[in-house]
Amino acid sequence: MVTIVGIGPGNKKFITPYALEKIKKADVLVGGRRHLKEFEDIDCEKIVINASTDYQSIMSREGNIVILASGEPSLYGITEVILKYVDKSQLEIIPGISSIQYMCAKLKITMNDLTVVSLHGRNEDLVKKVKENKKVAIFTDNTHTPQFIAALLKEGNLHDRKIHVGENLSYDIERIYSFTVEELLNCNKKFDLNVVVITCGNT
């Protein structure tokens, strides 16, 4: 049996009890190095995911295979990859709290009219999305940084938007910043692990 477990935005206190129960029963625990480090006390085989991971080989192993996923595994997460190798009848997905959910809660804004975009290893017409929606949440990466996003908004003449950057969310070193487009363009900070939420007006 293969189980994909959403482990939340980072801090272990946001993992659901059921997800933790599944992790403790794993025969094989699969995840990023940062994920696996959180579960060094679990006595089982551990496999680090990287660019050359042979998922077919992992999925064919015996026992309980548990895959650790940041946030919500079905929201631009690893579920899309695993479904290529595992029949749905042999797969369980345990949802987790996404960093987007967490960020919106911190900003005290609703998600009713929120559009989610991933620039994490992907390309999207972000300017079009921002023009069409009052709230846009973005998964970033080392190329598509908060400053990169601000530059796109400036080029798209979207100067009235506010850009919120959530860094190291849920950890003790968490920081949440709010910028105008120009303020972020002039910010030289290299942000650590982060997500961005763009809002319109004073939101």
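Two strands pair if DSSP finds at least two bridges between them. Helices (H or I, at least four residues) and strands (E, at least two) are DSSP runs, numbered from the N terminus.

The model is predicted: local features need pLDDT of at least 70, side-chain atom pairs count only at pLDDT 80 or more, and totals for chains, interfaces and linings use all residues. Residues are numbered from 1 along each chain as its sequence is written, and side-chain values use heavy atoms, without hydrogens and water.

Entry one, the open sheet. I found five strands in the order β3-β2-β4-β1-β5, with parallel pairing. β3 (45-48) and β5 (91-94) are its edge strands, as each pairs on one side only. I then looked up β2 (residues 28-31), which is joined to β3 by four bridges in the parallel sense. There L29 faces K46 of β3.

Entry two, strand β6. Which way do β6 and β7 run? They run parallel, joined by five bridges, with β7 at residues 135-139. V117 stands opposite I138 in β7. Four of the five residues of β6 (114-118) are buried, so the strand is largely enclosed by the rest of the structure. Buried means under 20% relative accessible area (1.4 Å probe, protein chains only).

How values were computed:
Buried < 20%, exposed > 50% of the residue type's maximum accessible area, 1.4 Å probe, protein only.
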